[in-house]
Amino acid sequence: MATKAEKTMLQWRNVGSGSHVLATPGELLNTGLVVGRDRALVVDTGCGPRQGAQILAAVRQLTELPLIVVNTHAHYDHFFGNAVFAADGATEFWAHENAAKDMAAHAEVQRPLVSKLEPEMAAGVGENTALVLPTAVVGEQPVLVDLGGFSATLFHLGLGHTDGDLLVGTPTALFAGDLVEHGAYPAFEDSYPAQWAQTLRQISALRHRYEFLVPGHGEPVDDDFVHTMATTMSTAVRQAQEATREMPDDATKAIPVLPYGPVQSRWFITRLKETSSRPN
Ligand SMILES: [Zn+2]
């Protein structure tokens, strides 16, 4: 159960006509809600039945329409709440094709990560703790989801936070998932650091199309923020590559000069090495 304090914190923020964003407590996951005439689209469902139920309750304050769900990528905090929405009647769950594969292969092993926040989900016991996987996927081509009166566009811009990051565009807002991170360092565990900066530049190139840019966590940001995030990442790639050339056996020497915290800098170097031969 959500406490009274948590309930009062759950406030939708309007990001243009029909588009809304809700930050849930904890890691400030941003859930998007796009309301059309006939259907509404929910972007990211939280890390289990507790958070999922909070999100659904907030959704139902704004609309009674049938729901379509989009998961921006294969990390637990973005799709472990899916079962709550399936129980509410949703049958259409969208993700990028790589994210869908990743979820099918690695959803179970992510359960222990929610042991504190969602003990039932971690144990896989109880109501709405099933792993509900995508039923529809997006590949190279964008997909338009008709909500009645207008469509939301689901599309992929390249490698970044993961290999299956999906963006959701509405007439006014762009939901960028964890490709854009506000209030915390970018998370590099499953990332493609060298290509991520380029993908951020592609987001930046869309700046005139959307009035609002919603990151996966934290406050909505402007184009300067995305531009800075891209520049910082490109510089970090260069710094890490130089350090690796100078000290091939100990690239961790680069950690203090990188613009991220020690944990994320370590991941950055590891993933840069692991992914450097992969074409964009
Ligand atoms: Zn993530």
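**Contacts, sheets and aromatic rings**

A: Apart from its neighbours within four places in sequence, Thr63 is in contact (heavy atoms within 4.5 Å) with Leu33, Val35 and Ala40. This is a predicted model, in which local features need pLDDT of at least 70 and side-chain atom pairs count only at pLDDT 80 or more, while totals for chains, interfaces and linings use all residues. Residues are numbered from 1 along each chain as its sequence is written, and side-chain values use heavy atoms, with hydrogens and water left out.

Q: Where is Thr63 found, and is Thr63 buried or exposed?

A: Thr63 is found in the loop between helix 2 (49-62) and strand 5 (67-70). Helices (H or I, at least four residues) and strands (E, at least two) are DSSP runs, numbered from the N terminus. Thr63 is buried, with a relative accessible area of 7%; buried means under 20% relative accessible area, exposed over 50%, and partly exposed in between, with a 1.4 Å probe and protein chains only.

Q: Val35 was among those contacts. Which residue of strand 4 stands opposite Val35?

A: Ala40 in strand 4 stands opposite Val35. Strand 3 (residues 29-35) and strand 4 (residues 40-43) pair in the antiparallel sense over 4 bridges, where pairing requires that DSSP finds at least two bridges between two strands.

Q: And what is the bridge partner of Ala40 in strand 5?

A: The partner is Leu67. Strand 4 and strand 5 pair in the parallel sense, over 4 bridges.

Q: Which way do the side chains of strand 5 point?

A: Leu67 and Val69 point one way, Ile68 and Val70 point the other way, and all are buried. In a regular strand the side chains alternate between the two faces of the sheet.

Q: What is the order of the 7 strands in the open sheet?

A: The order is 1-2-3-4-5-6-7, and the pairing is mixed. Strand 1 (12-14) and strand 7 (136-138) are the edge strands, each of which pairs on one side only. On average, neighbouring strands of this sheet are turned by 25° against each other, direction ignored.

Q: Which strands does helix 5 lie across?

A: Helix 5 (residues 97-110) lies across strand 6 (93-96) and strand 7, and runs at about 105° to strand 6. Axes are lines fitted to C-alpha atoms, for helices over the stretch in contact, and angles run from 0 to 180 degrees between N-to-C directions.

Q: Now the sheet of 5 strands: what is its order?

A: This open sheet has the order 8-9-10-11-12, again with mixed pairing. Its edge strands are strand 8 (143-146) and strand 12 (212-214), each pairing on one side only. Strand 11 and strand 12 pair in the parallel sense over 3 bridges, and Leu174 has Leu213 in strand 12 as its bridge partner.

Q: What else does Leu174 contact?

A: Leaving aside neighbours within four places in sequence, the contacts of Leu174 include Phe155, Leu167, Ile203, Tyr210 and Phe212.

Q: Which residues touch the most other members of the largest nonpolar core?

A: Of its 31 residues, they are Leu167, Leu174, Val180, Leu200, Ile203, Met233 and Phe268. A nonpolar core is a set of buried Ala, Val, Leu, Ile, Met, Phe, Trp, Tyr and Cys residues joined through side-chain atoms within 4.5 Å. Helix 7, helix 8 (223-246) and helix 9 are the elements that give two or more residues to this core, and helix 8 gives the most, with 8 residues. Apart from this core lies another of 20 residues, among them Val145, Leu154, Phe175 and Val214.

Q: Changing topic, how many aromatic pairs are there?

A: The structure holds 7. Why is the pair of Phe188 and Phe268 edge-to-face? Their ring centres are 4.9 Å apart and their planes are at 85°, so the pair falls in that class. Rings of Phe, Tyr and Trp (its six-membered ring) pair if their centres lie within 6.5 Å; planes under 30 degrees apart count as stacked, over 60 as edge-to-face and the rest as tilted.

Q: Where do Phe188 and Phe268 lie in the chain?

A: Phe188 is in the loop between strand 11 (173-175) and helix 7 (193-205), and Phe268 is in helix 9 (residues 262-275), 80 residues apart. Phe188 is buried, with a relative accessible area of 0%, and Phe268 is buried with a value of 0%.

Q: What about Tyr260 and Phe268?

A: Their ring centres are 5.6 Å apart and their planes are at 40°, so this pair is tilted. Ring pairs link Tyr185, Phe188, Trp196, Tyr260 and Phe268 into a cluster.
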